[in-house]
Amino acid sequence: GVEYYHPEDRDMVRAHLEKVRKDGGDFHFKLRIINRQGNTVNVESFGLACADKSGDVKRIVGVFRDLD
């Protein structure tokens with residue numbers, strides 16, 4: 001889902017997601033996405049790592065909340 005974020009914010013998103021992928025836990029940040037119409041939208045993003053019984057992260061799930 002990194003491609004949904006504003007190009008200037010993608011490196012920060014990748015860093016957050018890599019930390020969650022590596023360490024588990026959750027994330028919360030406010031950045032910008034580009035919607036289907038090409039407009040920039042300010043969003044709050046929440047998510048968490050889903051791990052198996054051994055603690056290995058298998059996926060990361062999250063949601064956006066429109067702040068505009």
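Keep in mind that the model is predicted. There are three aromatic pairs in it, and Tyr5, Phe27, Phe29 and Phe64 make up one aromatic cluster.

**Aromatic pairs**

- Tyr5 and Phe29 pair up in a tilted arrangement, with 6.0 Å centre to centre and 50 degrees between the planes.
- That pair ties together distant parts of the chain: Tyr5 sits in the segment before helix H1 (10–23), while Phe29 belongs to strand S1 (residues 26–34), 24 residues apart.
- Phe27 and Phe29 make a stacked pair, at 5.3 Å centre to centre with 25 degrees between the planes.
- The Phe27–Phe29 pair counts as stacked because its 25 degrees falls under the 30 degrees cut-off.
- As for burial, Tyr5 and Phe29 are both buried, and Phe27 is buried as well.

**Helix H1**

- H1 runs to 14 residues and spans 20 Å from first C-alpha to last, close to the 20 Å expected at 1.5 Å a residue.

**His6**

- Leaving aside residues up to four places away in sequence, His6 touches Arg32, Ile33, Ile34 and Thr40.

Methods: Residues are numbered from 1 along each chain as its sequence is written. This is a predicted model: local features need pLDDT of at least 70, side-chain atom pairs count only at pLDDT 80 or more; totals for chains, interfaces and linings use all residues. Side-chain values use heavy atoms; hydrogens and water are left out. Rings of Phe, Tyr and Trp (its six-membered ring) pair if their centres lie within 6.5 Å; planes under 30 degrees apart count as stacked, over 60 as edge-to-face and the rest as tilted. Helices (H or I, at least four residues) and strands (E, at least two) are DSSP runs, numbered from the N terminus. Buried means under 20% relative accessible area, exposed over 50%, partly exposed in between (1.4 Å probe, protein chains only). The expected span of a helix is 1.5 Å times one less than its number of residues. Contact means heavy atoms within 4.5 Å.
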